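Please keep the viewer at hand as you read.

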Amino acid sequence: MRHTTFTCTLCLTGMYKKQEGFPLNLKLHGLCFLFLLLTVKGQDDHHIHQLHNDIIKNNNPRVRPVKNSSDAVTVSLQLNLLSMSDFDDVTQTVTANGFFFVTWKDEFLTWNDSEYGGVSEISPDYGMVWRPYITIRNVVDSVEPLGLDFGIIKVTANGIVTWLPGDTFKIFCLMDVTNFPLDEQMCTYITLDWGHSLDEIDLKPINNSIGLDLFNANSQWDIIDSSAQRVVLEYIGKSSSLINFNMTLKRKPSLVILTILLPVLMLGLVNVMVFLIPVDSGEKLSFAITVLLSFTVSLSFVTGLLPKNADSIPVFTIFIIGLFLTSSIYVFLTIWIVQVFYRDAAIRPVPSWMGRITRAWERCFCGTPAVGNQETVPQERMSKESWNPPSMTWMRVSRLADRVFFCFFLSLFIMTTVIGFLKIAHF
């Protein structure tokens, strides 16, 4: 100590002493400053080593850190998420990386920092300090306490212990896919202390939310809200405290809209166009069957993306099933229209009631009376006494059926599409 004081005095004296060799004086100042830093560092290491021998070495990590055994240890914690690596819609699991910020007071790990060179914080050995058995109850793989092998612990002079256990958390998340792909999901990290009652350990949240300051954004989901809630659970006559860390996830629908939604809508719209294809083109029935097979592939693809054991059925899936059923109806109607088109009126005449209906509906859909070759009849024979409308043919019935079915199913498609998306969008 005397040598250190003498050296410091010599350095300070040299700083104010005027010499001609300025570079030599500057080097002397640098050496003195480095020596002072090393001296202070050596004194801190000595005090920390002494503190470990006096406090940490004699500490029992298996005893709760209270001097009165009837007192409960209040453990405050906060969940901090770093990233969300996977969200599996099929298995209903969420995999995220993060760490817990845990703090409590250890009444056995206190000291007077003035007696140890002003050392107010140390990092003791991981296994020499009592820790709560923090566990996430709804993990998928195995339920184990956090930080069994690794963790960072800081202890202050007044006994405040800070612990930062980190891990990869894969939890089960019950999904509600009714509004897929514009759905929101609520996932909860149920945190508890393993093996202690409320009289021994009392868990409390530090903040009313999940820490997202270090969170890396996910490409498919956004965390739009989070909360932390303390719950007291009664089990076998004992009470224990839980903390539910809730986060609300909202799906980013752009990818689903481009890859699933728009193709399905285009298929539904194109499917209605089957009634505009002329029967004599020969492609009417094959077109209807092709679109039906396309809906089958789309339905199997969408159902493969959804949870297999979901308690709710997506409105979008019901919409695709509806399009699949109407596409099946289109096939049967197309077969009937083709059959009617090629039916011979000489062998099987059009019934009179069907002829009247056809003429009436032709006026509604065409706007003018459809009377066949009316323009070839001389004008002087257009009187009621001399002129009769031409006979009804099956071709006219077939073409009218095409037009009626096109208008009806196009209106039905537009109406169901608007209602379905209003339902998905929470209107």
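This is a predicted model: local features need pLDDT of at least 70, side-chain atom pairs count only at pLDDT 80 or more; totals for chains, interfaces and linings use all residues.

Residues are numbered from 1 along each chain as its sequence is written, and side-chain values use heavy atoms, with hydrogens and water left out.

The predictor's confidence in each residue is called pLDDT and runs from 0 to 100. For the protein chain the mean pLDDT is 81, and 81% of the residues reach 70 or more. Helices (H or I, at least four residues) and strands (E, at least two) are DSSP runs, numbered from the N terminus.

Two stretches call for care. Over residues 1-24 pLDDT stays under 50, and the model has ten contacts beyond four places in sequence for them; contact here means heavy atoms within 4.5 Å. Over residues 368-377 pLDDT also stays under 50, with 16 such contacts in the model.

## The chain as a whole

The protein chain holds seven helices and eleven strands. Of its 427 residues, 39% count as buried, a word used for under 20% relative accessible area, against over 50% for exposed and partly exposed in between (1.4 Å probe, protein chains only). Looking at contacts with a separation of 6 or more, 75% are between residues 24 or more positions apart.

Axes are lines fitted to C-alpha atoms, for helices over the stretch in contact, and angles run from 0 to 180 degrees between N-to-C directions. Angles under 35 degrees count as roughly parallel, over 145 as roughly antiparallel, 65 to 115 as roughly perpendicular and the rest as oblique. A crossing is left-handed if the near helix is turned anticlockwise from the far one by less than a right angle, and right-handed if clockwise. For residue classes, Ala, Val, Leu, Ile, Met, Phe, Trp, Tyr, Cys and Pro count as nonpolar, Asp, Glu, Lys and Arg as charged, and the others, Gly among them, as polar.

On the helix 3 side the contact includes Ile260, Val264 and Asn271, and on the helix 4 side Val291, Phe295 and Phe301. By class, this contact of helix 3 with helix 4 has ten nonpolar, four polar and no charged residues.

With helix 7 (residues 394-424), helix 3 packs at about 160 degrees, with axes 9 Å apart. Helix 3 and helix 7 are therefore roughly antiparallel, and this crossing is right-handed. Residues in the contact include Leu261, Leu265 and Leu269 of helix 3 and Phe406, Phe409 and Phe413 of helix 7. The contact of helix 3 with helix 7 has nine nonpolar, two polar and no charged residues.

With helix 5, the axes of helix 3 and its partner come within 11 Å and cross at roughly 25 degrees. That makes helix 3 roughly parallel to helix 5, and the crossing is left-handed. Among the residues that meet are Gly268 and Asn271 in helix 3 and Leu323, Ser327 and Tyr330 in helix 5.

Ser327 sits in helix 5 (residues 315-341) and is buried, with a relative accessible area of 0%. Beyond its neighbours within four places in sequence, Ser327 is in contact with Asn271, Ala288, Val291, Leu292 and Phe295.

Asp202 lies in strand 9 and is buried, at 12% relative accessible area. Not counting residues up to four places away in sequence, Asp202 touches Val73, Thr74, Val75, Arg230 and Ser241.

Most residues other than glycine have a negative phi, and most peptide bonds are trans. Gln92 is not a glycine, yet has a positive phi of about 55 degrees. Gln92 lies in the loop between strand 1 and strand 2. A cis peptide bond joins Phe180 and Pro181, with omega about 5 degrees, and Pro181 is in the loop between strand 7 and strand 8.
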